[in-house]
Amino acid sequence: MASESAHSEGAELGRYLRARRTQTSPGHVGLTVGAGIRRTPGLRREELATLAGISIDYYVRLERGKETRPSPSVLDALARALHMDDQEHQHLRELAARAARYAPEPPPAPSRTVRPHLKLLLESLRPNPAYVISRSMDMLAWNPGGLALYAGLDDWPAKHRNLARYLFLHPAARDLFTDWDRQITACVARLRATAGTASDAPDLTNLVGELLLKSADFAGLWERYEVTGRKPAQKTFRHPLVGPVTLTSQSLHVEGTPGHRIGVYTADPGSPDHDALLLLDMTAPQPAQHPSPAPKNTGQQL
């Protein structure tokens, strides 16, 4: 069991190196390419090995998942050779660390429970749309605007509401975002970074398996293995109820949770965009109000 797990994690490390290698042009790393036709996209294995100062045989073993304990100096050399940024370099380290741990059992799915005080916080943020999402982008809790902002998401059952699933599979998503292509690229990069270090976690594998099967756009981006897609600080929505609205987004990690985050959208008070948020909050379905319990009869006259 342990050796099989190690091979699986080593294969993930190899997939990442191969993806980065095939997407790095020789010119980008200072190599001069001859006049002949290159059959390999990006760098050849021997070119990368030479740039990193390691043997070709050792690099081939890394890429095939047979070598699972590269030293920190080898990882740093590969990152420099591939011109990785800080986030890509850190992801490479995390994959190597996971490959070396030989985890014998897959981890359980993380809890979806949202503490009551976080739900109160979401309500206090109105009219700003806000929600809590899991590491796999399941929407776990929301205020009225937080759900209504993603037009049509409330058509799906609560347990099916996932922002990645929405972006790729909901028919309203392409019309909602003015930069849908950029949004899906950032979404896949985020899932790739998370799944790369928790590749056998059921919440991630189930979602990725579904999207690979149902969306050619997702499958193409997943194959690229990019982990540095960044979402813009501002997003423009073409909302069917309130019209075009440009909002500033903020994501906050929730301490003491398995990767839960709070997402919030804001607009300057008094601006047309803020007016649109007020309208969205008022017209969105409101949370059920539970009646307060009747006071107990103590037998005393007031």
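Analyst: Arg45, Glu46, Leu48 and Ala49 of H2 meet Ile56, Tyr59, Val60 and Glu63 of H3, where contact means heavy atoms within 4.5 Å. This is a predicted model: local features need pLDDT of at least 70, side-chain atom pairs count only at pLDDT 80 or more, and totals for chains, interfaces and linings use all residues. Residues are numbered from 1 along each chain as its sequence is written, and side-chain values use heavy atoms, with hydrogens and water left out.

User: Why are H2 and H3 called roughly perpendicular?

Analyst: Helix H2 (residues 45–52) and helix H3 (residues 56–63) pack at an angle of about 115°, with their axes 9 Å apart. Angles of 65 to 115 degrees count as roughly perpendicular; H2 and H3 are therefore given that description. H2 passes H3 in a right-handed crossing.

User: What makes the buried residues of H12 line one face of the helix?

Analyst: Phe218, Leu221 and Trp222 are the buried residues of H12 (residues 216–224), buried being under 20% relative accessible area and exposed over 50% (1.4 Å probe, protein chains only). Seen down the axis of H12, these residues fall within an arc of 105°, so they line one face. The arc is taken from the directions from the helix axis to the C-beta atoms. On the other side of H12, Ala216 and Glu223 are exposed.

User: Which helices do the buried residues of H12 pack against?

Analyst: The buried residues of H12 pack against H8 (163–169), H10 (180–196) and H11 (202–214).

Technical notes. Helix = DSSP H or I, 4+ residues; strand = E, 2+ residues; numbered from the N terminus. Axes fitted to C-alpha atoms, helices over the stretch in contact; angles between N-to-C directions. Parallel < 35°, antiparallel > 145°, perpendicular 65-115°, else oblique. Left-handed = near helix turned anticlockwise from the far one by under 90°.
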